Amino acid sequence: MTTRLDTRFADLARAGRAGLVTYVMAGDPDRETARAILQALPGAGADVIEFGMPFTDPMADGPSIQAAGLRALGAGQTLRKTLEDIAWFRASDPTTPIVLMGYYNPIYIYGVEKFLVDAKAAGVDGLIVVDLPPEEDEELCLPALKAGLNFIRLATPTTDDKRLPKVLQNTSGFVYYVSITGITGMATPDFGQTASAVARIKKHTSLPVAVGFGVKNADHASAVARGADAVVVGSALVDQVKGSLDASGKATAGTVSAVTDLVSSISAGVRGARKAAE
Amino acid sequence: MNAPAKPNSFRSGPDERGRFGIYGGRFVAETLMPLILDLEKAYADAKADPAYAAEMAGYLTHYVGRPSPLYFAERLTEHLGGAKIYLKREELNHTGSHKVNNVLGQILLARRMGKKRIIAETGAGQHGVATATLCARFGLECIVYMGAVDVARQASNVFRMKMLGATVVPVQSGAKTLKDAMNEALRDWVTNVGSTFYCIGTVAGPHPYPGMVRDFQSIIGRETREQMQEAEGRLPDSLIACVGGGSNAIGLFHPFLDDPSVEIYGVEAAGHGLTHLHAASIAGGRAGVLHGNRTYLLMDDDGQIQEGHSISAGLDYPGIGPEHSWLSDVGRVTYLSATDDEALEAFQLLSKVEGIIPALECAHALAKVKDLAPTKPKDHIMVMNLSGRGDKDVPQVAEILGTKL
Ligand SMILES: Cc1ncc(COP(=O)(O)O)c(C=O)c1O
């Protein structure tokens with residue numbers, strides 16, 4: 001079975017460039033604005049979209065994404081609405097892959113089987129669920145693969161060569177290499193080490209490897225894109241949302257463009273990376 | 001739903017996947033998994049090593065002050081006019097609660113693993129104080145995460161931790177209480193995973209913590225068995241303890257789980273009442289996944305975690321240890337709940353009739369002793385775990401009672 005993610009990464013490989021994966025939070029700062037951001041991302045240069053499912057207790061995320069989740073929940077976002085938002089997006093964009101990213105509890109409460117059916121129907125392509133390691137694959141990963149969704153696993157600096165095969169075993173779509181031991185939006189990684197980590201992972205898998213955590217601007221993205229199949233940007237975009245809000249925390253006329261401007265700039269960095277390296 | 005089948009033994013969990021029935025497990029970020037597997041192995045090695053047991057026994061006797069007495073509360077028994085009530089005096093331990101039993105086990109394990117930096121989360125501050133104490137004793141760096149709200153309402157414990165050389169980090173996220181302190185400790189652990197040992201304060205979190213902390217706390221029940229043989233020549237008829245995460249309770253219960261004649265009661269915090277603000281995860285929650293394990297949790301219909309509320313900062317966690325969730329489902333332990341008001345009343349009662357000021361946490365258990373004991377015959381022996389002393393709560397209770405200190 002070929003998924004939208006497979007197709008997109010094959011296209012990127014043919015084009016000889018790295019991809020840009022953008023993370024934004026569903027429902028942040030309100031549903032309508034988040035939908036407008038979602039719709040504008042591909043045009044600004046996003047090759048793959050990660051759509052965050054807000055959760056009250058995002059234990060592997062830093063202050064930016066924590067705050068974005070609380071803004072979204074405060075504005076009434078729910079998992080059901082997040083799936084509807086994706087269906088709405090799919091009506092006008094049949095090709096850009098969308099990966100849902102978040103924590104397990106809202107999915108567990110929604111009901112795993114119902115969630116997989118509804119997510120597939122809405123046009124979701126893959127899942128990243130931070131608190132489901134391979135030891136808990138029976139919960140969601142295996143049923144998701146059966147339902148035709150990719151399950152993207154995180155590999156980290158603590159995932160050594162002995163453990164990597166276990167992490168990669170049921171992974172599909174791409175592998176997400178977390179460039180630091182830490183939470184989102186904090187340290188900037190050593191990009192030299194990141195490149196050797198990607199090389200190490202590639203010895204174990206033919207899947208594309210995306211690198212994220214700590215990528216904040218076009219320069220970072222360009223450095224990562226030289227060695228990885230894709231670059232992931234999240235907290236920096238979520239911070240653009242926050243920076244654009246008015247004094248009462250509401251979206252302004254500049255909210256969507258605050259995000260898309262940074263995406264365009266980072267996209268240019270990603271697209272120019274291989275050329276710059278030649 | 002069919003009731004789960006009763007097992008041959010209630011004491012065999014967790015299984016190799018860290019589960020008690022469907023509860024427990026290892027729901028953590030990949031960054032932590034290799035560490036959790038290391039910890040599981042280190043604990044299994046330690047358990048098999050007589051030197052570790054001997055080291056622990058020495059400190060339990062000479063530093064913690066064990067065994068804690070099993071005290072016949074004669075005046076309370078007379079006052080309530082029913083069951084014969086014994087109190088297991090965990091409040092007499094060094095640092096004033098049962099928390100030190102567990103911290104000792106974990107700190108000795110951290111030393112075996114070569115970890116020099118210890119992090120902990122705390123609600124009332126009791127676990128933080130116990131951790132800071134043992135870090136001082138062994139010269140380890142200690143960082144304690146505590147919700148900013150709890151920092152304000154448990155000021156004397158914050159000061160104690162600082163005196164003991166610990167760094168107390170007030171957590172500003174979420175509702176600024178214990179749940180948020182645990183999130184922040186997990187974030188620290190993900191960030192400093194190589195150097196750091198996370199000393200969890202109750203029987204929750206990813207496997208192996210729930211089983212490991214239970215093992216450390218089970219000394220409470222083992223001593224109770226022996227002491228009761230000596231005092232009465234037989235097993236008690238009932239056990240009762242308060243349940244936050246559930247470590248003092250499981251510590252008392254576990255050695256008795258396979259004795260069918262022993263009735264067992266856990267008491268959750270009902271706060272303002274089960275239909276209002278409370279922290280009774282079993283009475284008012286359902287199964288979900290948080291902080292590394294599946295267990296009963298307070299949440300909304302979308303799976304978003306709700307804040308617990310209790311007069312007692314040590315009980316207002318929106319979850320409960322996974323073994324308790326299982327014991328409730330299989331019907332071995334009965335979970336009751338006590339409101340803030342009931343706990344306050346019990347707090348004053350024990351102070352007046354026995355000269356013992358209990359922690360607000362165990363005042364919840366005492367509130368249900370007040371209900372249950374009068375319904376039992378005079379030859380019924382009931383043991384309540386007095387998990388901590390109330391010194392830390394005196395200022396808060398004075399304020400509620402309208403007394404200016
Ligand atoms: C005296 C005392 N009892 C009980 C508790 C609740 O914890 P657990 O349910 O793990 O025993 C606390 C927590 O701070 C405590 O300080």
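So, Gly52(A): its bridge partner in E3(A) is Met101(A). One thing to keep in mind throughout is that this is a predicted model. That bridge belongs to the pairing of E2(A) with E3(A), which runs in the parallel sense over 4 bridges.

Now go across to the other neighbour of E3(A). Strand E4, residues 126-129 of chain A, also pairs with E3(A) in the parallel sense, again over 4 bridges. Met101(A) turns up here too, with Ile128(A) as its bridge partner in E4(A).

How many residues of strand E3 are buried? For E3, residues 98-102 of chain A, the count is 5 of 5. Remember that in a regular strand the side chains alternate between the two faces of the sheet. Here both faces are covered: Ile98(A), Leu100(A) and Gly102(A) are buried on one side, and Val99(A) and Met101(A) are buried on the other.

Okay, back to E2, because I want to talk about Glu50(A), which sits in that strand, residues 48-52 of chain A. An unreviewed UniProt entry puts the feature "active site" at Glu50(A) and Asp61(A). Both of those residues are in the lining of the second largest cavity.

Is Glu50(A) buried or exposed? Its relative accessibility is 1%, and buried means under 20%, so Glu50(A) counts as buried. Looking past its neighbours within four places in sequence, Glu50(A) has contacts that include Val99(A) and Met101(A), plus Ile128(A). Also on its contact list are Val21(A), Thr22(A), Tyr23(A) and Val24(A), along with Phe174(A), Tyr176(A) and Val232(A).

And Asp61(A)? That residue is in the loop between E2 and helix H3 (63-74) of chain A. Asp61(A) is buried as well, because its relative accessible area is 8%. If you skip residues up to four places away in sequence, Asp61(A) touches Gln66(A), Tyr103(A), Ile183(A) and Thr184(A), and, from chain B, Arg187(B).

Searching the whole structure gives 9 of them at 30 Å³ or more. The largest cavity holds about 360 Å³ of space. It has 28 lining residues, and the closest to its centre are His98(B), Lys99(B), Gly201(B), Gly245(B) and Gly314(B). Which elements of chain B supply at least two lining residues each? Those are strand E5 (117-122) and helices H5 (126-138), H8 (178-191) and H11 (247-253).

Conventions
Residues numbered from 1 in each chain as written. Chains lettered and ligands numbered in written order. Predicted model: local features only at pLDDT ≥ 70, side-chain atom pairs only at ≥ 80, totals over all residues. Heavy atoms only, no water. UniProt positions renumbered as here; feature names shortened; annotations may be inferred. 1 Å grid on protein atoms, 1.4 Å probe; cavity = no way out; pocket = protein on both sides within 12 Å on 5 of 7 lines; lining within 4 Å. Buried < 20%, exposed > 50% of the residue type's maximum accessible area, 1.4 Å probe, protein only. Contact = heavy atoms within 4.5 Å. Pairing = 2+ DSSP bridges. Points joined across faces, edges and corners; volume = space filled by probe spheres on them.
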